[in-house]
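Biologist: I have a new model on my screen and would like to understand the words used for it. Could you walk me through them?

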Amino acid sequence: MKKLGKVAAVMMLVVMTMVVMAGCGGKKDTTPEIVGTWKVSAVETAGVSVDFAKYAEQLGQDADSLVMELTAKEDKSLSMNLMGQESKGTWEEKGGKYILTMDGQDQEVAVKDGKLTFSEETTGVTMTFEKK
């Protein structure tokens, strides 16, 4: 009988330790992956993808002087600067993709492997952004 009491006490101690350890797991970051400032890293046009620095060079510009950034905030506001043309808007998540709304126009973007992909259908240009 004493042996059974010791086993029960040990089992109770193990269970309590597991409960305490589970409580120490910390808080999971629930910030959407789109939140942050993104800077263009590559441009694809006519099926050819080039590093943004090379693209800027082809335009006769320095990549640092051609600002191409997108900033998404947790409050779902959005700002974009594409070579001096600034736009403001909003973003929302739908089905694992993000919808950016600027100037009354919706643009679907994908975020995967730390890269945000933005395709402009009318020009056939796809831009890839990486977080700063």
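**Reading the core and the rings**

Modeller: Gladly! This is a predicted model.

Biologist: Why is Val 40 called buried?

Modeller: Buried means under 20% relative accessible area. Val 40 has 6% relative accessibility, so Val 40 counts as buried. Val 40 lies in strand 1, and its contacts beyond four places in sequence include Phe 52 and Met 127.

Biologist: What makes the pair of Phe 52 and Tyr 55 tilted?

Modeller: The ring centres of Phe 52 and Tyr 55 are 6.1 Å apart and the planes are at 35 degrees. Stacked needs planes under 30 degrees apart and edge-to-face over 60, so 35 degrees makes this pair tilted. Both residues lie in helix 2, three residues apart.

Biologist: And why is the pair of Trp 91 and Tyr 98 called edge-to-face?

Modeller: Here the planes of Trp 91 and Tyr 98 are at 70 degrees, with the ring centres 5.8 Å apart.

Biologist: How do you know that the charged end of Lys 76 sits over the ring of Trp 91?

Modeller: The limit for distance is within 6 Å of the ring centre, and the charge must also be within 35 degrees of the ring normal. The charged end of Lys 76 is 5.3 Å from the centre of the Trp 91 ring, and is listed as sitting over that ring.

Terms used. Residues numbered from 1 in each chain as written. Predicted model: local features only at pLDDT ≥ 70, side-chain atom pairs only at ≥ 80, totals over all residues. Heavy atoms only, no water. Helix = DSSP H or I, 4+ residues; strand = E, 2+ residues; numbered from the N terminus. Buried < 20%, exposed > 50% of the residue type's maximum accessible area, 1.4 Å probe, protein only. Contact = heavy atoms within 4.5 Å. Phe/Tyr/Trp six-rings, centres within 6.5 Å; stacked < 30°, edge-to-face > 60°.
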